[in-house]
Amino acid sequence: AFAEMVLGVLCHVAPDDFPEELLRGPVDDATLNKAVGAVHRYSLATRRNSKLSIHRLVQDVLRESIPGPLQNDYSELAFHIGGTAFPTNAGKVEMWGVCEVLVPHVQAVLQMNDGELSLAARRATLHNNLGLFFLSRANYGPAEVEFEKSLQLESKPTTLSNQATLFQDTNRGELAIPAMRAALKEAEEHSGEDDPNIGPYLINLACILKESGSMAEAESLLR
């Protein structure tokens, strides 16, 4: 049964180099090794350096053979596994190695669950975290796409602020300012104007305004 679950998850992630440790969950190493060994023995997937790969054609055939309700279960399970594993602090240099391994799998589970309303908030968070990773690597095109997808699902101050940073980094101050204003407004509506968590949004907006030449307004925000 666990081997079937392993196959079900592998059908809903990227085909190459899925870290088998992510499948452990509540089972012990012996159970995991037995399940992965069975999948490998029947040539349904290959195992190398604790990573599992499955041929794309095998992946497609197996996915199509899974009954609809069970396929939904496996798709959501893969989404949960990938979403939980992907770092929330994906923009930090020390997280880059982990993120690089997980990015294709997270992108796959997001695509598989595209349009799943019950997962909208979590999909928004994952898109934002992917955007943070790309932004930290100055990979601006993919970062912009991920932030936009996140905001289409759910508007959050943090995502708006990240988007503003991207616009500022790509010399689009005319877009950065309204994005940062929107982030500050949403943060104030959510937490209140006197909440200390508003501080970073004020500072970020002031910095963007200062760089754009609006010194008076920037200084007024920091008083």
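In what follows, two residues are said to meet, or to be in contact, when heavy atoms lie within 4.5 Å of each other. The model on display is a predicted one.

Begin by selecting residues 120-136, which form helix α6, together with residues 157-169, which form helix α8; the two pack at an angle of about 25°, with their axes 11 Å apart. Because angles under 35 degrees count as roughly parallel, α6 and α8 are roughly parallel to each other, and α6 passes α8 in a left-handed crossing. Now show the side chains on both sides of this contact: Asn128, Leu132 and Leu135 belong to α6, and they meet Thr159, Asn162, Thr165, Leu166 and Asp169 of α8. By class, the residues of this contact comprise three nonpolar, four polar and one charged.

Stay on helix α6 and select Asn129, which has its place there. Is this residue buried or exposed? Asn129 has a relative accessible area of 6%, and it is therefore buried. Leaving aside residues up to four places away in sequence, Asn129 touches Phe86, Pro87, Thr88 and Ala90.

Finally, select helix α1, residues 2-10, and helix α4, residues 68-85, which pack at an angle of about 75° with their axes 8 Å apart; α1 and α4 are therefore roughly perpendicular to each other. In this contact, Glu4, Met5, Gly8 and Val9 of α1 meet Tyr74, Leu77, Ala78 and Ile81 of α4, and the residues divide into six nonpolar, one polar and one charged.

Definitions and conventions
Residues are numbered from 1 along each chain as its sequence is written. This is a predicted model: local features need pLDDT of at least 70, side-chain atom pairs count only at pLDDT 80 or more; totals for chains, interfaces and linings use all residues. Side-chain values use heavy atoms; hydrogens and water are left out. Axes are lines fitted to C-alpha atoms, for helices over the stretch in contact, and angles run from 0 to 180 degrees between N-to-C directions. Helices (H or I, at least four residues) and strands (E, at least two) are DSSP runs, numbered from the N terminus. Angles under 35 degrees count as roughly parallel, over 145 as roughly antiparallel, 65 to 115 as roughly perpendicular and the rest as oblique. A crossing is left-handed if the near helix is turned anticlockwise from the far one by less than a right angle, and right-handed if clockwise. Ala, Val, Leu, Ile, Met, Phe, Trp, Tyr, Cys and Pro count as nonpolar, Asp, Glu, Lys and Arg as charged, and the others, Gly among them, as polar. Buried means under 20% relative accessible area, exposed over 50%, partly exposed in between (1.4 Å probe, protein chains only).
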